[in-house]
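Biologist: Please take a close look at one loop in this model and its backbone, then say what surrounds the ligand.

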Amino acid sequence: MTTMNAAISTKGETPILDNGQGVIDPDVYFEVNKAPADLPEFEEKLNAFVDYHKAKNNNVVLITSGGTTVPLENQTVRFIDNFSNGNRGATSAEYFLEAGYAVVFMHRTNSIQPYHRHFIPSQRGFLDYMRPTEEGSVEVRPEYVEKMHQVLLRYEKAKQENRLLLLEFVTLPQYLFKLQSGAKILARLQEKAMYYLAAAVSDFFIPSSKMVEHKIQSRDGGLTLTLDQVPKFLKPLVSNWAAKGLIVSFKLETDTNLLVPKARAALERYGHQVVIGNMLKTRRQTVTFITQHTEKVITLTKEELDTDVEIESKIIPELARIHQNWIKSGSTE
Ligand code: 9Z3
């Protein structure tokens, strides 16, 4: 347990080591926060999946998808949420499966899922795809049969081949513990593992030792919150947990001028292989790939947008190509 220049504060029972500015060392984070109760089950499922695909010599991608929550109370009534409905992750999962990958889909509970996304209730209710028959059964409405059949074929194939593992998180601590554990388990695959970090992860949180136990009461008027900074987990992920796997992180910005500089700064700071920059408003049309020596913009044309081409159909083949280079030569180019 270490940090240089660490200050110790003791609120509640647990000592918090920080740098005096509320920034905790990632290793310390795991010592002072409680692992989620379902971590052993998560590890068991993932171990079995990784062993299965290691024996088959398959490439495996760990996709993180959806936003994390930051609870405000230990017995949580309120929480801060992060923007992301999981569309990027779920869509990418399908294209990775098409490219031959086995996919670990680590997603926020109730966020968008691969294949199901084509029939999500927010666009049309689940029951609206079906109708009752006179024989007392249920059938898919004729106008949806063709699309549902196509999607079901691909979904069934992924399941039959045991190439899609669904794992869940909700809160920031759940995400971080599972990311650490998941990355270490995938590290057994060495270069054949890819980490595709599309989840929108909170930058700020309240450590459980600084959190109130019960529901915050409104009788005292307005509420002022002090949040600590989440430790920079990409650092240990790159240097310790993920061994030789290819690491792809996403950088989300709302100011165009910041996108490329911030994406490149992340690449240089953590020393991983690819940062994909995207803007909040145009994330479905344009992304920028940043690698150590290259910068490449991928954009959908108007015609592609009009015909519902998905940008992930271009992102994933490009990553698969980079990954092949990585496996062959240890370089992305
Ligand atoms: C992304 O940038 C994803 O592409 C989106 C996808 C969250 C924009 P949706 O799920 O959106 O399709 O609605 N993910 C990473 C966001 C993030 O938190 N990045 C951190 C940062 O920008 C680095 S890990 O600093």
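Biologist: Where is Asn110 found?

Modeller: This is a predicted model, in which local features need pLDDT of at least 70, side-chain atom pairs count only at pLDDT 80 or more, and totals for chains, interfaces and linings use all residues. Residues are numbered from 1 along each chain as its sequence is written, and side-chain values use heavy atoms, without hydrogens or water.

Asn110 sits in the loop between strand S6 (102-108) and strand S7 (130-132); helices (H or I, at least four residues) and strands (E, at least two) are DSSP runs, numbered from the N terminus. The phi of Asn110 is near 70°, a positive value in a residue that is not glycine. With 78% relative accessibility, Asn110 counts as exposed (over 50% relative accessible area, 1.4 Å probe, protein chains only). Asn57 also has a positive phi, near 65°. Asn57 lies in the loop between helix H2 (39-55) and strand S3 (60-65), and at 52% relative accessibility Asn57 counts as exposed.

As for the ligand, 16 residues surround it, and Ser84, Arg88, Ala198, Lys251 and Asn278 are the closest (a residue is near if one of its heavy atoms lies within 4 Å). Strand S13 gives the most to this shell, three residues. Among the polar contacts (pairs of N or O atoms within 3.5 Å), a ligand nitrogen is 3.2 Å from a polar backbone atom of Phe250, and a ligand oxygen is 3.4 Å from a polar backbone atom of Asn87. A ligand oxygen is also 3.3 Å from an N or O atom in the side chain of Arg283.

Terms used: Polar contact = N/O pair within 3.5 Å; in protein donor to acceptor, adjacent residues only side chain to side chain. Buried < 20%, exposed > 50% of the residue type's maximum accessible area, 1.4 Å probe, protein only.
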